[in-house]
Amino acid sequence: MTDYELYERVRQKDKQALETLYDRYERILYAFLMQLTQDRDLAEEAMQEVFIKLWRGGGIYDESKGKFRSWLFTMGRNVAIDLIRKRKPDLQLDEAYAETIPSNEKSVESEVEWQEERTQIETAMAELPTEQQEVVRLMYFQGLSQQKIADACGIPLGTVKGRVRLALKQLRRRLSPDLIDKEVER
Amino acid sequence: MNACDQLIDYFNRHLTEDERVQFEAHLATCETCQQELEQLEALVGGVAFLSEPAEPPSGMKARVLDRVFAEDEAPKAVEPNAIKPPPPTPFSAPKERRKTSWGAFALAAALVLSLIGNGYLLLNQTEPSGISLTETVPLDGEADGVAYLAEQDGTRQLIVQTNGLTPLEANEVYQVWLLKDGSPIPTGAFVTDDKGNGTVIYTLDATEADMDWDTVAVTKEPKRGNTMPEGDIVLSASL
């Protein structure tokens, strides 16, 4: 069953459908939330909040706007960012992140789920010029303000948006539409 | 700095609540920002896979799903499905407001002007860019205000803008309501800046969009999240 079909059933209060979505995304969503929060409790709390929102129908997924996965992860990211700023107002996302600069080590062997997606995005990222990789990480994982991105990259404030735009464009060109764009027919 | 330049800070949730509301007002009318936001969000579905693998804690699934489904068994407060809670306000307001940056108020004012500009353009353009204003209603009461009904991709939005409302106390909010035969539903809350400027955008769900609302009103509520008005009406108009 596609994500969208499951989502539609969740809207009709089908518990089984929610559980299936949970199983489908537990590992990757949890990993993403851990990456953002660097805190197991916060990551689980964020997980909790995401699925409560999904069940309650907070926020509406519109199939024409993109992939369900992107919508779900965006919701998780927003929840995580808000939790961090509420619980640890002194901690910047970037500080949490700095402690665990992502290694380029290969994923552990048991991590076979989503391997194709992982490989694809890792390869695409690796092909970007360093400054574009940097801006992608500053944007998505550290969630920096525009001013801080400017400071971190040593560029004027007014050019941040352009650099982000360029990086996204380069990244999109290297990713198959199936990874980020609208659901494909199956 | 124009409104479009706030997109990144909006996406990364650095805007204060006031700024966020203002930006969302801009977003509703700016196709470029809508597209760029869509692209930013689409890529979340890709970059998330760059995360270091992490083993989910044991028992997390049971804890999460139990809590989710427990919601259903808990006695419901008031809300039948037709009534939507006001949009979530993730930031604790007082704390965030202290963080309001130097130009925020001026910026907010500028954004309101820019939105009014956009509204004007929308009203005057023959080829609507996905969004079209269906009704513009001046509000009567103790300050200036306008309600717009807009339509975008088949969904209806209620946009309310104010100017010159009296300042709010600590937890108070201005709450917008749509009424039919005297019974209200909450359609978004907002706080004002030092000039009494405020904006709120509310997307009506399918049921709400079909209703023949007769009145729009703004009340001053002692707290956020009221499903029935407690405070007095400060602005209102017939639709």
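Guide: Helices (H or I, at least four residues) and strands (E, at least two) are DSSP runs, numbered from the N terminus. Ser236(B), for instance, lies in strand β8 of chain B, residues 233–238. This is a predicted model, in which local features need pLDDT of at least 70 and side-chain atom pairs count only at pLDDT 80 or more, while totals for chains, interfaces and linings use all residues. Residues are numbered from 1 along each chain as its sequence is written, and chains are lettered from A and ligands numbered from 1 in the order in which they are written.

Visitor: What makes Ser236(B) count as partly exposed?
Guide: A residue is buried if 20 or more other C-beta atoms lie within 10 Å of its own, exposed if 12 or fewer, and partly exposed in between, with C-beta atoms placed from the backbone. Ser236(B) has 18 C-beta neighbours inside 10 Å, so it counts as partly exposed.

Visitor: Which residues does Ser236(B) touch, leaving out those up to four places away in sequence?
Guide: Contact is defined by C-beta atoms, placed from the backbone, that lie within 7 Å. By that rule Ser236(B) touches Leu139(B), Asp140(B), Gly141(B), Thr215(B), Val216(B), Ala217(B) and Val218(B). Ala217(B) is 19 residues from Ser236(B) in sequence, and their C-alpha atoms are 4.1 Å apart.

Visitor: Why are Gln38(A) and Arg13(B) called partly exposed?
Guide: Gln38(A) has 19 C-beta neighbours inside 10 Å and therefore counts as partly exposed. Arg13(B) has 17 inside 10 Å, so it too is partly exposed. Gln38(A) sits in the loop between α2 and α3 of chain A, and Arg13(B) in the loop between α1 and α2 (17–27) of chain B. Each has a positive phi without being a glycine: about 55° for Gln38(A) and near 60° for Arg13(B).

Visitor: How do you know that the buried residues of α1(A) are on the same side?
Guide: The buried residues of this helix, residues 3–11, are Leu6(A), Tyr7(A) and Val10(A). They cover an arc of only 100° around the axis, which puts them on the same side of α1(A); the arc is that of the directions from the helix axis to the C-beta atoms. These buried residues pack against α2 (15–37), α3 (40–56) and α4 (68–87) of chain A. Just after α1(A), Lys13(A) takes a positive phi of about 65°.

Visitor: What makes β4(B) and β5(B) a pair?
Guide: Two strands pair if DSSP finds at least two bridges between them. β4(B), residues 173–180, and β5(B) have six bridges, in the antiparallel sense. Strand β5(B), residues 183–190, is mostly covered, with seven of its eight residues buried.

Visitor: Which residues have the most contacts inside the largest nonpolar core?
Guide: A nonpolar core is a set of buried Ala, Val, Leu, Ile, Met, Phe, Trp, Tyr and Cys residues joined through C-beta atoms within 7 Å. The largest one has 101 residues, and Leu33(A), Ala46(A) and Met47(A) have the most contacts inside it. α2(A) gives the most to this core, twelve residues. Apart from neighbours within four places in sequence, Met47(A) is in contact with Leu29(A), Tyr30(A), Leu33(A), Met60(B) and Val64(B).

Visitor: How many residues of each chain are in contact with the other chain?
Guide: 35 residues of chain B are in contact with 58 residues of chain A. On the chain B side, α3(B) supplies the largest share, nine residues.

Visitor: Where in chain A does pLDDT stay under 50?
Guide: pLDDT is the predictor's confidence in each residue, from 0 to 100. It stays under 50 over residues 96–110 of chain A, for which the model has 13 contacts beyond four places in sequence. Where pLDDT is low, the predicted coordinates should not be read in detail. Chain A averages a pLDDT of 85, and 84% of the residues score at least 70.

Terms used. Two residues are in contact if their C-beta atoms, placed from the backbone, lie within 7 Å.
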